[in-house]
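Please work through each task with the structure open before reading the solution.

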Amino acid sequence: MENLGWIVLVTFIAGSIGTGLGGLIGALCKKDSKKIVSLFLSFAAGVMLAVVCFDLLKEAIEPFDKNKDDKWIIAVVVGCTVAGYLIVYVINKLIDKKLSKEVPHTSKNHPEVHDDLNEMIHADHLEHHKKSDNHLFEAGLVMAIVIALHNIPEGMVIGASYAKQPSVIIGGSGLIIAIVIGLHNIPEGMAVSVPLISGGTKKWKAVLITALSGLPTVIGAIIGFSVGMIDHIYLSVCLSLASGAMLYVVFGELLPESILMWKSKLPAFLLLIGLLLGFVLVLI
């Protein structure tokens, strides 16, 4: 029970505090912040990739590695990893669909891909959106809801990571993943608060709503930890699903957004730094 309380606290910080911090930054957002966010995303992607490849997938197979009769677990791990990837992919497709539906643009030829931070949070359309504040407010609420749903599998990643080492509450991959997910939640919080504030919501209310959208991360963590503690096979399934979810976050969100926000070689360098740091942290 003590361990579960620690997991809830860590996940709350990564989910609500991380997303709320993004909401606060969004409320104070400046146009030149896209380069900093780009480096943030690349670094987080590197650490996530290291944790998945050098820790989560390895731990998913390790309990069965010495038993030749259990080699079928490799197929289960691969299948669940793909399933985890697809689940988060579908959730993100719903996010994109809802945002495209709710937020009007000034041109029919408006690009679907966000090429910088201002585009992602629609800050470059404020003059147009001021004429339709209700649409912006609705878009912010929709974004808050879908990000809340999106945070459940992210919480399961943290919970499953702690389930493989239930006695380790301060160190281990669970804490590393929680920190990285917290960093990942910052730009998501910005994407919630900016349309809310532009739609007429007071800044403190927008930041509060943004922070509340991170609470489902705690629910996901409890589910991941509880299921992972039942048996080795359930732990392997949880870790594999978590790995797939993390891989989508890396290759479907963090890296594309980072590269599009700042077309520079520096984000790739931060990716390498994050990858090596994640490797070292896993081995410690």
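**Exercise 1.** Determine in what order the elements of the protein chain run from the N terminus on.

*Solution.* Taking helices (H or I, at least four residues) and strands (E, at least two) as DSSP runs numbered from the N terminus, the chain comes to 11 helices and zero strands. The order of the elements is therefore α-α-α-α-α-α-α-α-α-α-α. This is a predicted model, in which local features need pLDDT of at least 70 and side-chain atom pairs count only at pLDDT 80 or more, whereas totals for chains, interfaces and linings use all residues. Residues are numbered from 1 along each chain as its sequence is written, and side-chain values use heavy atoms, with hydrogens and water left out.

**Exercise 2.** Find what share of the residues of the protein chain is buried, and where the buried residues of helix 8 lie around its axis.

*Solution.* Buried means under 20% relative accessible area, exposed over 50%, and partly exposed in between (1.4 Å probe, protein chains only). Of the 284 residues in the chain, 49% are buried by this rule. In helix 8 (residues 203–212), the buried residues are A206, V207, T210 and A211. They lie on the same side of helix 8, because they cover an arc of only 135 degrees around the axis, the arc being that of the directions from the helix axis to the C-beta atoms. An α-helix has 3.6 residues a turn, so residues three or four places apart point the same way.

**Exercise 3.** Count the aromatic pairs, and work out which residues are linked into a cluster by ring pairs.

*Solution.* Rings of Phe, Tyr and Trp (its six-membered ring) pair if their centres lie within 6.5 Å, with planes under 30 degrees apart counted as stacked, over 60 as edge-to-face and the rest as tilted. The count by this rule is three aromatic pairs. One of them joins Y85 and Y248, whose ring centres are 5.1 Å apart and whose planes stand at 80 degrees, so this pair is edge-to-face. It links distant parts of the chain, since Y85 belongs to helix 3 (residues 73–102) and Y248 to helix 10 (residues 232–261), 163 residues apart. Y85 is partly exposed because its relative accessibility is 29%, whereas Y248, at 8%, is buried. Y89 and Y248 also form an edge-to-face pair, with 6.0 Å from centre to centre and 75 degrees between the planes. Here Y89 in helix 3 and Y248 in helix 10 are 159 residues apart, and Y89 is partly exposed at 36% relative accessibility.
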